[in-house]
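Take a look at the sequence and the 3D structure below. Then read on, section by section, with the structure in view.

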Amino acid sequence: MIPFGTTQGLKLVISTLVIAALVALGIDQVFQHFVLPLRTDISNSYKIERLLGETDPEEIPVFGSSKGRSSFIPDSLGDKVFNYSMEKANFDVIFFLLETELAKDKDGPIIIEFNTRSFVHRPAHTIDLSTFMPIKDNQAVIDYLDENDRLDDFQLIPGVRYYGSYIRYLRSLTRKVTSEKITNRGGIFIDYYPGDRLLKRFTDSRYKMIEKREELEDKMASGIPLTYMEVQVLEQLQINSDFAVNKERIAKFEAMAKEHSNRDFIMVFTPHHPSELAGVRNFNKVDSLFTQWNTAIPNIHAFDYSRFELPDSCFKNSSHINLEGARRFCAALNDDIEYLLNESDSPEAYR
Amino acid sequence: MLFNSLDYLIFLPLVVAAFYLIPHRYRWVLLLAASYYFYMCWKWQYIFLILISTMVDFYAGIQIAKTPDKKKKRWFLMLSLCVNLGFLFYFKYFNFFTENTSILLSQFNILADFKYYDILLPVGISFYTFQTLSYTIDVYQGKSEPETHLGYFALYVAYFPQLVAGPIERSTRLIPQLRREPKVTPEDIRYAVNKILLGFFKKLVVADTISQYVNLVYANVDGTTGSQLYWAAFLFSIQLFADFSGYTDIAMGSARLMGVRLMENFKRPLWQENHSAYWANWHISLTSWIRDYIYVPLAKINESRYALMVWSLFILVLIGFWHGANWTFIIFGFVNGIVMLIQRSLRYTSFAKIIRSNPYTMHLQKFVNLNLLFLEAVYFRSVDVNMAHKIYGKIFTEFNLNIGELLSLYKFEFLMSIFVSVLLWGTILFNEKLKFKYNLLYVTGMLFLIIFLGQDLKNSFVYFQF
């Protein structure tokens, strides 16, 4: 019997498959040759490509998440600073960036943005495939994605390798020409204050989250059984509010730093709105980790700017500062870094 | 195995090609093996539940038909009901009942700390359980003959295109189609290809794009405004429709490639004048199942006007509870039922007649009904009742038409969601009026949209959890 009943039916299926292949290859090629070259320095995949190819021995890279991207203004920190921060990136991504950077014959410092979720290991959430796909010819990238179980078979097929990411690329291309965003060597800074009302909404949301967590914990402590949903909510609230101490990953980072004693690792907890820190009950663990780094590992320098005093008008929301906030923060950080690098034996420089 | 995976894109053509290559008498073996493989890709151990259900219902069906003794017939029916509903209760509702019992007892200072069983819900259990139950009940009621071929019966229970999320087929409709050698026409293939593409478009482009906005808003209820929550409720209803009807479209298309016509599950449900019409056109295979096997028997007990109102309300609550073991679903069903009863009681008033007499006011009525559906869906989407009430509180006190405020959070995700919703509406209209000569254009357009706008989130279908 003829597959699909009749010759005409078979032709229809085959023609659909052929059209699908042509459409996929067509879009793929247009993207490869006309769209991707238009990326600017704020595109995440551009940043990866740049880091892999950059050979300037004096470049000072900044690694971090969106908090880092909107906090470190390269122009304020030095001519050779480039901000490689990208949204959601924590040490799942930073380890790869560090390995790439440390393989270079350099001895300059590396700035790393630190936050309470820096060491959470969630590659499915933190490693954005669209960042890495344009560089998938690089074996190190392939190995990295593979190690983190982020590479699908279909991504090796020409025509569908960018599937699911086209809009994200277009978005990063249009990012520069829209709104009040100002870019500077990889950093994106927002010259915008949402207003007291909206900021209050963001901060209230954080306080309500803390309230909810405490309410559920009290309920549990008093012996009232929690429903399955409540247990799930509580777990999520605890993950999102406390400092996630992942000893294995911290040890991995420390080993990296010790192995490359010629490089200074400047860890910076960027400014946060007080509401964002209010629920972090184990902040003392951040303090002790920073103290341990500052005292026991000579080339890790930890700066805690989390409580850096900024008025509300310097925030974009409760967890990100705006351009004005970034300016004030960078001015202070610049002084500290200069002090540190020139007089590295002065513990007062550390906050 | 998910429909929206590369695995399925390889699996389906292989099965279809093999289907046409082998003689018809062996096809049931191929399809059964393929169906079990399809299910076992998810969690192989749970295939034993399907096997037990299949064996019990096959045996019960034959025994019910064979024995003249009514009491024995009833015993075999009870056997089937107990096994199937027992599995469903254990895997889906057991923890809910123990949790609530323990909360209830704690009100009387009785500590009953039942163990919580971390049970993974077998995907599709609500669907195939209802499908097999309909078979046994039909045989018991003498509406259909028992299936004597175990292979075909097993295939009826586990037929892969509709195994995990329906449509819930009746044995009288599906088994004869599986038994008969299919006469597949080019029109069948055109229909199948178009349906599969439409399903992928609904799922990968529409549902998965909207889900990103809805998930962000629902994860941050405290930080979002009433307007954002209203639009999230609106978009969630579109997401749910695109997700579920997308699954059904792929199921129907896949089955039609092999000459099987599955029943329509959706007929423009969202744009209807009232809730009765909505439920008559939404998840038709479930609502018709419940009508035939629960509502009609109840109505036979007492068919007074008030009794019918109570039965209708009960049915809607049951439909809500079918979706999941959570009070949100129960309340969702209850509120739907109440709105439906109010709408029914207003149907014959002079005001309603005036509205129906004018096409513009009819559209207005559909719009109002649509908004009610969106608002009710807040219960459906919320994690718990408190969350739903918090959302309602914000929608009713903070809603405004300030675009700046609406776009102050998740602007890109919101605009993309609106864009794909409009695209869905246009596609459905175009699809309904599609002429054969434009089919190639349609196929090309759909493929372009799916490849260019499709999301690679690996999200399973929303209804898989039910």
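## Chain A at a glance

How many helices and strands does the secondary structure of chain A come to? It comes to 15 helices and seven strands. Keep in mind that this is a predicted model.

The C-alpha trace of chain A spans about 80 × 60 × 40 Å along its principal axes. Chain A has 351 residues, and 36% of them are buried. Now consider the contacts in chain A with a separation of 6 or more. Residues 24 or more positions apart account for 75% of these contacts.

## The five-stranded sheet

In what order do the strands of the open sheet in chain A run? The order is β2-β1-β3-β6-β7. The pairing of these five strands is parallel. Two of them sit at the edges: β2 (81-83) and β7 (300-304) of chain A. Each edge strand pairs on one side only. From one strand to the next, the twist averages 20°.

Helices pack on this sheet too. One of them is α5 of chain A, residues 91-102, which touches β1 and β3 of chain A. The direction of α5(A) makes about 170° with that of β1(A). Another is α14 of chain A, residues 283-296. Helix α14(A) touches β6 (265-269) and β7 of chain A, and its direction makes about 145° with that of β7(A).

## A closer look at strand β1

Strand β1 of chain A covers residues 60-63. Which residues of β1(A) point one way, and which the other way? A:Ile60 and A:Val62 point one way. A:Pro61 and A:Phe63 point the other way. All four are buried.

Strand β1(A) has partners to follow in the structure. Three bridges join β1(A) to β2(A), and the two strands run parallel. There, A:Pro61 has A:Phe82 as its bridge partner in β2(A). Two bridges join β1(A) to β3(A), residues 110-114, again in parallel. A:Val62 has its bridge partner A:Ile111 in β3(A). A:Phe63 stands opposite A:Ile112, also in β3(A).

## A hairpin in chain A

Chain A also holds an antiparallel pair. Strand β4 (residues 181-184) and strand β5 (residues 187-190) of chain A pair over four bridges. One of the residues involved is A:Asn184, whose bridge partner in β5(A) is A:Gly187.

How many residues lie between the strands of this hairpin of β4(A) and β5(A)? There are two. In this hairpin, A:Arg185 takes a positive phi near 40°.

## One residue: A:Ala278

Find A:Ala278 in helix α13 of chain A, residues 274-278. Is A:Ala278 buried, exposed or partly exposed? It has 17 C-beta neighbours inside 10 Å, so A:Ala278 counts as partly exposed.

Leave aside residues up to four places away in sequence. A:Ala278 then touches A:Arg206, A:Tyr207 and A:Ile210. A:Arg206 is 72 residues apart from A:Ala278 along the chain. Yet their C-alpha atoms are separated by 8.5 Å.

Two packed helices are described by the angle between their axes and the distance between the axes.

Which residues meet here? From α6(B) come B:Tyr152, B:Leu155 and B:Tyr156. From α7(B) come B:Ser171, B:Leu174, B:Ile175, B:Leu178 and B:Arg179. By class, this contact has six nonpolar residues, one polar and one charged.

## Where the chains meet

How many residues of chain B are in contact with chain A? There are 36, and they contact 37 residues of chain A. On the side of chain B that touches chain A, α1 (6-21), α4 (70-107), α8 (186-218) and α19 (439-453) of chain B each supply at least two residues. Helix α19(B) gives the most, with seven residues. By class, this side of chain B has 19 nonpolar, 10 polar and seven charged residues.

Methods. Residues are numbered from 1 along each chain as its sequence is written. Chains are lettered from A and ligands numbered from 1 in the order in which they are written. This is a predicted model: local features need pLDDT of at least 70, side-chain atom pairs count only at pLDDT 80 or more; totals for chains, interfaces and linings use all residues. Two residues are in contact if their C-beta atoms, placed from the backbone, lie within 7 Å. Ala, Val, Leu, Ile, Met, Phe, Trp, Tyr, Cys and Pro count as nonpolar, Asp, Glu, Lys and Arg as charged, and the others, Gly among them, as polar. Two strands pair if DSSP finds at least two bridges between them. Axes are lines fitted to C-alpha atoms, for helices over the stretch in contact, and angles run from 0 to 180 degrees between N-to-C directions. A residue is buried if 20 or more other C-beta atoms lie within 10 Å of its own, exposed if 12 or fewer, and partly exposed in between; C-beta atoms are placed from the backbone.
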